Amino acid sequence: LVGTVTCWPSLLAFAATFDEDLVGEFARALGQEFSLKGANAILGPSVNVHRVARNGRNFEYLSGEDPFLGARLTAAYVEGVQSQGILAVAKHFVLNNQETHR
């Protein structure tokens, strides 16, 4: 549906805030938007830790370079999304940082 979606900042931008409350607020709003559209799941968050700076998917990882931060923010994201009745599916949590011969 054209014109009916929100353009959210990337998960890396949220990770850069170090703010669990902000991530939770974003996740609740995202979950609400998905719910209003009739969805029942979000394929996210992506949580791989940045190991290779040239990884083309770094922008979509909630953990940035810090696994402790990633764990805290991921919990806030999942709780926020699921508080709206939407299933959150954490993805790319291991071995998704290979860029050679891709």
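Predicted model: local features only at pLDDT ≥ 70, side-chain atom pairs only at ≥ 80, totals over all residues.
Local features were kept at pLDDT of at least 70 and side-chain atom pairs at pLDDT 80 or more, while totals for chains, interfaces and linings use all residues. Residues are numbered from 1 along each chain as its sequence is written, and side-chain values rest on heavy atoms, with hydrogens and water left out.

We may begin with the rings. The structure holds 3 aromatic pairs, where rings of Phe, Tyr and Trp (its six-membered ring) pair if their centres lie within 6.5 Å, and planes under 30 degrees apart count as stacked, over 60 as edge-to-face and the rest as tilted. Phe14 and Phe26 make a stacked pair, because their ring centres are 4.2 Å apart and their planes stand at 20°. Ring pairs join Trp8, Phe14, Phe26 and Tyr77 into a cluster.

Next come the charged side chains. The count comes to 1 salt bridge, defined as a side-chain nitrogen of Lys or Arg within 4 Å of a carboxyl oxygen of Asp or Glu. Glu20 and Arg72 form this contact, at 2.9 Å from N to O. Glu20 lies in helix 2 and Arg72 in helix 3, 52 residues apart. Glu20 is partly exposed at a relative accessible area of 32%, and Arg72 is partly exposed at 40%.

Finally, there is the largest pocket, with a volume of about 260 Å³. A pocket is an open set of points on a 1 Å grid over the protein atoms alone, where a 1.4 Å probe fits, with protein on both sides within 12 Å along at least five of seven lines; lining residues have an atom within 4 Å of a point. Of its 16 lining residues, Leu11, Leu30, Leu43, Glu60 and Tyr77 are the closest to the centre. Helix 2 (residues 20-36) gives the largest share of the lining, 3 residues.

How values were computed: Points joined across faces, edges and corners; volume = space filled by probe spheres on them. Helix = DSSP H or I, 4+ residues; strand = E, 2+ residues; numbered from the N terminus. Buried < 20%, exposed > 50% of the residue type's maximum accessible area, 1.4 Å probe, protein only.
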